[in-house]
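Me: I'm new to this structure and would like a close look at one part of it, the salt bridges. Could you walk me through them?

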Amino acid sequence: MLTSTVSPLLRIGLSLIGVWPGASHATPRWLFYMTTLAVMQYFQYYSVYVHLDFSNLSKLMDGLGLTLAYTQTTLKILSLWLNRRIFADILEAMNDDWKDCETKLRECVMIDKANLAHRCSNAMISINILSTFLYFIDKYIRGHRVSKNGQLFREFSIQIQFPFDVYKRPVYELVNVGLFFHVFVTGVVMAMLNALILTLVLHVSGQIDIMCQELREIPSTLKSSSVSTKTLVGRHQKIISVSKYIEDLFTYVSLLQFVWNTLVICALGFMVVISLGNMTSNSGVLTQCIIPYLAVTMEAFVLCFAGDYLSTKSKAIGDAAYEVVWYDLSTSECRSLLFVILRSQKQLTITAGKVVDLTLESFITVMKASASYVSVLYALY
């Protein structure tokens, strides 16, 4: 039987990169992975600088998309590490909720939300793994071609520039394998960070569902003296506190992802558009970019969906409290319900840098802005 909303795969992955609270040797693991990210970023931006040619936008956008995705992942891991105390408080509150599964209702709701969170996490990680494999396979095939003078021309599977010669055997093969594994791991890390926020929101939504159901059963529960409205007020306050922790943990991460996803979607979308315009010569580019484009778009959608889902669920508490058969309750119990209704007027949200709420409307704004930038780049191309 499930005992945690966080999937085992997600917990193991976060422990390996050193951001899971209480993991053994967390600091050395985090430092090692961040060092590899910093080295990769140096060579990636060096490549962007070398190929900074606006007359060849397709090559520039091809390298810029993965470079920006790496930067986004680096900043998100750094933010999660700096707020690891808040992350630990959230996990502690989640463990307490699982220990309080006293009734069949709570157990069923929490297991249902945990199953959904596990399926979503596995699906997101699988999509990123698929996109990484397709990206590398296509780039590896197109990276080995014979030039006009009959010599074999080789390039790496990602756009990266080294200040020394690495195209001799077996150095080239070893570096290419190392790049593949690093991009593969980073793609999985990107999916895990997105699955984490969705998992936390699904857990809070499960607690909201439990509270709404207990609000509807208040008259019968009061007769059996198993729960009181004051207990529900305390549970509501705990839901608010956990939601605030999630907001504090992800608000600046959301801002980074909100901006970077717009740029990455723009870069990948530009590659898809020019590939559709010339299918004969750019069919490989289309295969290479379409799956990463869908993966990054899904990443932005999941973030905005999580914020919108939490806001929608928070409204249900006020509605459930309003529909309670209040005339069967005492004056003090009715007064407690008024506090629940009053507090529910302020929706639980996840914001991007405490500037804009993350909703499905925000996702549409990101897609519109990306489409506008793609049209400008295509006109210049």
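Reply: Happy to! A salt bridge here is a side-chain nitrogen of Lys or Arg within 4 Å of a carboxyl oxygen of Asp or Glu. Keep in mind that this is a predicted model. By that rule, the count comes to 7 salt bridges.

Let's begin with Asp97 and Lys238, whose side chains meet in a salt bridge at 2.8 Å, N to O. Asp97 belongs to helix α4 (residues 84-99) and Lys238 to helix α8 (residues 229-277), so this pair ties together parts that are 141 residues apart in sequence. Are the two partners buried or exposed? Asp97 is buried, its relative accessible area being 10%, while Lys238, at 30%, counts as partly exposed.

Helix α8 also takes part in another pair. Glu214 and Arg235 meet through their side chains in a salt bridge of 2.2 Å, N to O. Glu214 sits in helix α6 (residues 171-216) and Arg235 in helix α8, so the bridge links distant parts of the chain, 21 residues apart. Buried means under 20% relative accessible area, so Glu214 counts as buried at 8%, and Arg235 counts as buried at 18%.

Asp248 forms a salt bridge with Lys244, with their closest N and O atoms 3.2 Å apart. Both residues lie in helix α8, 4 residues apart, which is about one turn of the helix. Lys244 is exposed, with a relative accessible area of 52%. Through salt bridges that share partners, Lys244, Glu247, Asp248 and Lys354 are joined into one network.

Methods:
Residues are numbered from 1 along each chain as its sequence is written. This is a predicted model: local features need pLDDT of at least 70, side-chain atom pairs count only at pLDDT 80 or more; totals for chains, interfaces and linings use all residues. Side-chain values use heavy atoms; hydrogens and water are left out. Helices (H or I, at least four residues) and strands (E, at least two) are DSSP runs, numbered from the N terminus. Buried means under 20% relative accessible area, exposed over 50%, partly exposed in between (1.4 Å probe, protein chains only).
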